[in-house]
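Grab a viewer and work through them step by step.

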Amino acid sequence: MRMRPIAHFKTITKHKLLVMRYCFSVGLYRQGLMHDLSKYSPSEFWVGARYYQGNQSPNNAERMDRGYSAAWLHHKGRNKHHFEYWLDYSLDRSKPIEGMKMPLRYAVEMFLDRVAAGQIYNGDQFTPSNPLEYYEHGRAKPLLHPKTRELLEFLLHMYAEKGQTDTFRYVKEEILAKNDWNGYNNS
């Protein structure tokens, strides 16, 4: 496997700048600046350069090669916009691990991150339904807190149906300005 540090740097920087732009557009300035900075740390960056493919996360290739992704384990433990950061032991003994409700601003950043990742990895083939389709084929649903899942699915459907401009405006004016969505912060 050939190291591709320049290509990897360009991809993660393009993604970071896109999420930053989206975060700024909805008023999440600090999160936009801080988004995914750990990807530039040696433990994530060099693994990404080694497993770089350009059309999907290098963490998937590392996982296939090693049986796990050390870069992903490092990343998700430092970035609160990943639902995996919010997994914890359950007080309900029938569920060993469960998702905690993400703070609203991180749930919104997770949505923006998914949109940007879809745009980066799909390129010219990107459609507004791509982030929703990726989510529906993923493994997140049973691990997300029910309220976080409800919010994410609402935003992904809205994005697929109404597009970026209307969805981002709704996020800024109706969710973040009111610091709530459908009783999210009251439950």
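Predicted model: local features only at pLDDT ≥ 70, side-chain atom pairs only at ≥ 80, totals over all residues.

Some bookkeeping for the charges: Lys and Arg count as positive and Asp and Glu as negative, while His and the chain ends are not counted. Each charge sits at NZ of Lys, CZ of Arg, CG of Asp or CD of Glu. Numbering starts from 1 along each chain as its sequence is written, and side-chain values use heavy atoms, leaving out hydrogens and water.

**Exercise 1.** Find how far apart the mean positions of the positive and negative charges are.

*Solution.* Take the 27 positive charges and the 20 negative ones.

**Exercise 2.** Work out the order of the elements from the N terminus on.

*Solution.* Start with DSSP runs (helices: H or I, at least four residues; strands: E, at least two), numbered from the N terminus. That gives 8 helices and 2 strands. Reading along, you get α-α-α-α-α-β-β-α-α-α.

**Exercise 3.** Determine which residues of α3 are buried and what they pack against.

*Solution.* Buried means under 20% relative accessible area with a 1.4 Å probe, protein chains only. Overall, 45% of the 187 residues pass. In α3 (residues 42-50), the buried ones are Glu44, Phe45, Val47, Gly48 and Ala49. Now look for contacts (heavy atoms within 4.5 Å): these residues pack against α1 (5-26), α4 (58-66) and α5 (70-76).

Conventions. Buried < 20%, exposed > 50% of the residue type's maximum accessible area, 1.4 Å probe, protein only.
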